[in-house]
Amino acid sequence: MKQSGLRRPLVFGLLLGLCLPCCLTQTTPSTGATPPPTPPPSPSAQTERLKVRLAGYPRKHNEGRVELFHQGEWGTVCDDDFSIANAHVLCRQLGFVEATGWTHSAKYGKGQGKIWLDNVLCSGGEKSFELCKSRGWGNSDCTHDEDAGVVCKDERIPGFVDFNVIDAHVNENSVEEVRLRPVVATKKKHPVTEGVVEVKYKDGWAQVCDLGWSIKNTRVVCGMLGFPHERKVNKNFYKRLKKRAVEKVSKPKVNVSAGGRLYLERQNNFFHIHSVACTGTEVHLAACPLEFSKPNSTSSCPGGMPAVVSCMPGPLFMQNSGLKKKLKTSSNVRLKGGARLGEGRVEVLKNGEWGTVCDDRWNLQSASVVCRELGFGSAKEALTGARMGQGMGPIYMNEVKCAGTEKSIWTCPFKNITSEDCQHLEDAAVRCNVPHLGLENTIRIVGGRSSYEGRVEVQVGSRWGTVCSSGWTTKEAMVVCRQLGLGYSMHAITETWYWDSSNVTDMVMSGVKCTGSEMSLSHCQHHKTVSCQKAAAKFAAGVICSETASDLVLNASLVQQTVYIEDRPLHMLYCAAEEDCLSKSAAKANWPYGHRRLLRFSSQIHNIGRADFKPKAGRHSWVWHACHGHYHSMDIFTHYDLLNANGTKVAEGHKASFCLEDTDCQEGVSKRYECANFGDQGITVGCWDLYRHDIDCQWIDITDIKPGNYIMQIVINPNFEVAESDFTNNAMKCNCKYDGHRIWFHNCHIGDAFSEEAERRFEKYPGQLNNKIS
């Protein structure tokens with residue numbers, strides 16, 4: 001990781017910052033100066049939040065210039081008398097456990113506007129920065145050359161809502177929400193791709209004047225609404241509508257279409273904005289130069305019309321399947337580890353292998369290029385610090401500097417990585433704007449103890465009802481949580497008798513079978529007519545969702561490095577036989593004489609997700625195995641398989657989780673799980689569990705296998721028993737060559753580490769097809 005002291009502050013047109021909600025505090029005047037007499041604060045004012053954010057460029061999500069929101073505007077803090085105690089208070093208010101340092105002399109660039117506080121003196125224990133002593137709000141003799149900054153420890157306060165985001169400074173007070181309103185009255189369909197641009201104004205919606213409206217403005221609006229491309233509007237069609245609407249007013253007998261009537265109804269609407277001048281790279285209309293109409297103006301758009309925009313949706317959202325072939329998303333960029341559509345860790349493909357992007361200088365313009373090339377809109381958030389989990393492969397890019405107009409992140413300027421530059425703790429991620437599909441309106445969860453859990457109910461036609469829990473698994477539950485925007489599925493519930501069932505509806509769906517990647521439960525396979533053996537309400541399908549999930553990945557290179565063959569005497573394998581760790585032919589062996597040939601290796605399993613991996617079953621249901629003297633918290637934790645050229649399994653092994661614990665952790669992470677003394681089992685985020693090659697059952701029994709070429713496959717959590725953010729990286733494969741005496745592994749890799757083309761080459765390596773030694 002580069003030290004922040006080596007980075008030079010840059011002048012940047014669009015300031016980047018971090019808007020974070022902070023702890024509720026009581027707003028009291030500073031004790032460092034005598035304030036003017038004011039009336040006592042109202043109860044609502046006493047519970048007001050002091051907003052704090054980090055800003056500046058370049059920076060990471062846990063560092064930056066300190067900015068405070070007071071009296072309706074953002075301002076900075078002077079570095080006079082600043083201390084580490086001040087930084088501790090600010091970092092805790094931002095949701096970090098503590099500060100590791102602070103900066104002076106506008107280290108992260110000079111701020112704008114007011115310098116709100118000066119000579120701040122905190123003891124370090126204050127719950128809010130405004131409770132520290134100072135000269136008082138707005139009382140300062142400093143310039144922005146003295147703006148203070150902080151560096152926080154990158155560890156979150158447990159339970160603090162995670163908003164580690166680099167965002168644009170835009171004036172949301174002027175434009176909060178934008179929508180397209182279809183002019184032609186047709187049957188409601190999603191997504192809406194063409195219509196009049198309307199902005200939220202007070203309690204309603206207002207229009208934008210189209211005088212001087214450019215295609216660059218259209219690009220920004222489309223990006224906000226989740227569309228990667230804009231297209232030209234047939235203005236003549238809208239002019240004809242306007243003309244007919246005017247004729248209807250002067251000649252009541254003139255027949256006007258439904259579209260004309262709709263247009264006429266909105267002719268008297270107030271034009272809130274009469275001029276927009278976007279460059280096309282902005283991620284929000286509020287970031288563009290805007291001129292607002294004066295409240296009393298009667299002609300805010302003389303001779304003009306409401307701005308109309310038409311957008312091109314990405315392939316995922318095409319209504320007309322015939323167009324899908326024309327629009328293709330990038331094949332060398334992908335998002336991984338995100339719970340919702342259009343979010344995840346950014347991964348790029350180079351020389352057939354996927355790798356990550358370092359978050360140095362990662363911003364909304366670069367993130368937007370990624371989003372658009374994947375068929376989404378502009379970036380809603382640019383995330384740093386592996387906020388969507390850590391990758392495991394190479395890190396290919398650093399200091400990506402896109403202008404925002406590029407077709408691909410690969411055409412943006414960037415630096416290549418050296419080993420000192422970055423770690424996977426710095427993997428960049430994005431949240432993209434996606435089109436509104438209304439899918440969340442056709443499903444709900446009810447009866448649970450929180451908004452993240454309950455009986456699943458779906459709308460079929462005009463009826464709402466429950467879903468049969470027969471065959472209900474984590475994959476189906478994942479789709480439900482995604483459809484509701486509630487993150488990941490922690491548990492797929494098949495018995496919901498312990499939740500409130502006072503308003504139980506009829507069962508309307510059964511036989512649901514999902515791959516896990518669908519956008520809606522209705523997109524999964526299901527019975528045409530309901531058929532459920534356990535149709536009682538207490539057996540309806542349910543879910544428990546979570547914002548975070550674990551993600552287990554095997555260290556493929558360690559498997560390749562540690563593989564060997566051992567001929568183990570049968571008299572040393574009684575316990576292994578009792579735990580079913582030998583092949584079936586072992587039962588016919590002449591015990592205790594003879595031996596079994598074992599393919600042995602070490603497996604190191606990392607948790608690179610955002611939540612600890614813990615067994616689904618509580619310790620009360622763990623099974624004690626006296627032979628080895630340990631508990632099994634999961635019946636099957638991993639599958640070990642040897643496959644022939646046809647993909648047929650020729651030998652197998654499996655591993656129960658008889659000691660799921662933190663063997664070691666990356667720097668700065670503490671171990672939480674230890675099997676000794678009936679301790680908790682699990683793997684902490686940032687830690688790994690090492691099953692050494694010399695542990696019982698850490699093998700495949702290959703006694704009956706003939707010499708030849710094979711594929712070795714290891715699958716973690718094969719039954720999806722525990723929720724993970726990404727199941728595609730749970731399998732590992734190696735080419736395997738066995739000559740009857742020795743064995744070699746090569747090309748060991750995680751299942752999603754290679755491109756599709758490279759994976760096809762792997763499966764057809766020389767000598768594989770004839771299954772003989774080449």
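Me: How many bridges join S29 to strand S30, and how do the two run?

Reply: Strands are DSSP runs (E, at least two residues), numbered from the N terminus, and two of them pair if DSSP finds at least two bridges between them. Here 6 bridges join S29 to S30 (residues 595–600), and the two run antiparallel. Ile565 stands opposite Leu599 in S30. Bear in mind that this is a predicted model, where local features need pLDDT of at least 70, side-chain atom pairs count only at pLDDT 80 or more, and totals for chains, interfaces and linings use all residues. Residues are numbered from 1 along each chain as its sequence is written, and side-chain values use heavy atoms, leaving out hydrogens and water.

Me: Which strands stand at the edges of the sheet?

Reply: The open sheet has 3 strands in the order S29-S30-S38, paired antiparallel. Strand S29 (564–569) and strand S38 (699–701) each have a single partner strand, so one side of each is left without a neighbour in the sheet.

Me: Which residues touch the most other members of the largest nonpolar core?

Reply: In soluble globular proteins, nonpolar side chains tend to be buried together. A nonpolar core is a set of buried Ala, Val, Leu, Ile, Met, Phe, Trp, Tyr and Cys residues joined through side-chain atoms within 4.5 Å; buried means under 20% relative accessible area with a 1.4 Å probe, protein chains only. In this core of 36 residues, they are Leu599, Phe637, Leu642, Met712 and Phe745. Apart from it lies another core, of 26 residues, including Trp362 and Cys432.

Me: What share of the whole chain counts as buried?

Reply: Of its 774 residues, 52% do.

How values were computed
Buried < 20%, exposed > 50% of the residue type's maximum accessible area, 1.4 Å probe, protein only. Helix = DSSP H or I, 4+ residues; strand = E, 2+ residues; numbered from the N terminus.
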